[in-house]
Amino acid sequence: MEGENNMFICPNAFCISQDLHSSNGYHEVVMIYSYSETFEKAEKEALHCFVRIVKTVIEELNKTIQIGTWALKLINVNNKELKKDCETLYNADIAIVECTRKDANVFYMLGMAHALGCLVCPCFRADTVEEKAEGNTETGKKAARDTGIKIPFDVHGRQSLIYRVVNIEDQEDLKEKLINWINHCIGLNE
């Protein structure tokens, strides 16, 4: 029905600039990921590097963007604390979701983040994933052509942040991509 719902949904939008949940100047960024001691050494190191870079980005937000205080909270979906994780996600403004392992619990939390109105950035590490993208959207096809990423169908229609952490240049590139994405989300890159 026309006029009933003024919300426009754009499935291919990387981010839509919007007001953040918080009105008191305190903003939460949540990072959702899957981690286990059973992961291979290279995978653990890549994930630790990703977490370190996300923490650095949030520290820089606090120094450079004078829009309140930014806090980072981590959700490891393997920690078996679903109630606490849901409460953390409920208060979040932004969710950075490490999706490389295609863990069902990560995607569950990613869906919750969308449902709760968080600005969501799905991230895939390019140096570990398969050769083809699923689905038929141009966004997914472009990601597959450019990076060799196989993006799952349920996030395929949304643009994702593709990254590597192999060397310092890759790590700096990831940091810059995250800063630009967050700046765009809060309306500083328009």
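Predicted model: local features only at pLDDT ≥ 70, side-chain atom pairs only at ≥ 80, totals over all residues.
Residues are numbered from 1 along each chain as its sequence is written, and side-chain values use heavy atoms, with hydrogens and water left out.

Met 31 sits in strand β1 and is buried, at a relative accessible area of 0% (buried means under 20%, exposed over 50%, partly exposed in between, with a 1.4 Å probe and protein chains only). Ala 95 is 64 residues away from Met 31 in sequence, yet their C-alpha atoms are 5.7 Å apart.

Now for the sheet. Five strands make an open, parallel sheet in the order β2-β1-β3-β4-β5. Strands are DSSP runs of E with at least two residues, helices are runs of H or I with at least four, and both are numbered from the N terminus; two strands pair if DSSP finds at least two bridges between them. β2 and β5 are the edge strands with a single partner each, so one side of each has no neighbour in the sheet.

| Element | Residues |
|---|---|
| β2 | residues 69-76 |
| β5 | residues 161-163 |
| β3 | residues 94-98 |
| β4 | residues 119-125 |

β3 and β4 pair over five bridges, with Ile 94 opposite Leu 119 of β4.
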